[in-house]
Amino acid sequence: MAEKKLQVDLISKPENILKTIYTACKTCYSAKLPIDIFDEAPDEEKMLSLVKKVISSGHYSTIEHIQFSFAISNVSRACTHQLVRHRHMSFSQKSQRYVREKGEFDYIIPEKIKNNETLKKKFEDFINTTSRLYQEFTDAGIPAEDARSILPNAASSSLVASLNLRELIHLANLRLCTRAQLEIRLMVKAMCDEVIRIEPWLSDYLVPKCIRLGYCDEEKSCGRVMSKNEILKERV
């Protein structure tokens, strides 16, 4: 049994990401054929100027043409349960019904438990007990689909997740917020880093929502920026 490090890899992306978005944006305002707009696209600076203007105007349909797929490993079931709540995403996840754990299963320890030696030891003891009981069930012929009922949210999982750029920005805006649980923040940060590595201009959008909004709309703010209520009070 072991705790393994989060791994996120971008395994599929379109070619000509910026050029594709530019073509979608320009098509809405041009009499030219889309393929001619694509073939005659200007330099990156001019494409970015239009694309950023369109996005800032809220015309997000133009970035839905860009689809990304990620291979994600060594995340807890608690984390994936949060991720699959997001709409406009596709998931293919390791099944606890069909995949029988052999030996001691991998797991993820939440940071706040990991940093407390006494509670960490109790956590690991619980995992060890659960692992032994799971093996006892499966060795006795209990199907994995039934034995999995005792596996904790800490059990490690893996999945392929796909989403378009619009949803990735939405995911980043919500899950990079300090109010989000640390594990999913780190996972989404890794996803964003993979995309920013190939498209640096997207770093302006793959940020917590307070950075894009200019204020915090959460009930409890971390203090990075002013809350919406504070701003409203100043205007009175």
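This is a predicted model: local features need pLDDT of at least 70, side-chain atom pairs count only at pLDDT 80 or more; totals for chains, interfaces and linings use all residues.
Q: How many helices and strands does the protein chain have?
A: Helices (H or I, at least four residues) and strands (E, at least two) are DSSP runs, numbered from the N terminus. Here the protein chain has 11 helices and 4 strands.

Q: What is the radius of gyration of the protein chain?
A: The radius is taken over C-alpha atoms, and the globule rule is 2.2 Å times the number of residues to the power 0.38. The protein chain has 22 Å, whereas a compact globule of 236 residues would have a value near 18 Å. Along its principal axes, the C-alpha trace spans about 70 × 50 × 25 Å.

Q: In what order do the strands of the sheet stand?
A: Strands of a sheet pair through backbone hydrogen bonds, either parallel or antiparallel. Two strands count as paired if DSSP finds at least two bridges between them. In this model an open sheet of 4 strands has the order β1-β2-β4-β3, with antiparallel pairing. Because β1 (7-12) and β3 (89-93) stand at the edges with a single partner strand each, one side of each is left without a neighbour in the sheet.

Q: Over how many bridges do β3 and β4 pair?
A: β3 and β4 (residues 156-164) pair in the antiparallel sense over 5 bridges. Met 89 stands opposite Leu 163 in β4.

Q: Which strands does helix α8 lie across?
A: Contact means heavy atoms within 4.5 Å. Axes are lines fitted to C-alpha atoms, for helices over the stretch in contact, and angles run from 0 to 180 degrees between N-to-C directions. Helix α8 (residues 165-175) lies across β2 (67-76), β3 and β4, and runs at about 125 degrees to β4. Helix α9 (residues 182-198) also packs on the sheet, touching β1, β2 and β4, and its direction makes about 145 degrees with that of β2.

Q: Which residues are closest to the centre of the largest pocket?
A: Rolling a probe the size of a water molecule over the atoms shows where empty space is left. On a 1 Å grid over the protein atoms alone, a cavity is a set of points where a 1.4 Å probe fits but cannot get out, and a pocket is an open set with protein on both sides within 12 Å along at least five of seven lines; lining residues have an atom within 4 Å of a point. Grid points are joined across faces, edges and corners, and a volume is the space filled by probe spheres set on the points. The largest pocket holds about 500 Å³. Of its 22 lining residues, Ile 109, Pro 110, Glu 111, Leu 182 and Glu 183 are the closest to the centre.

Q: What is the volume of the largest cavity?
A: The largest cavity has a volume of about 100 Å³. Its lining comprises 15 residues, of which Cys 177, Thr 178, Cys 210, Cys 216 and Cys 222 are the closest to the centre.

Terms used. Residues are numbered from 1 along each chain as its sequence is written. Side-chain values use heavy atoms; hydrogens and water are left out.
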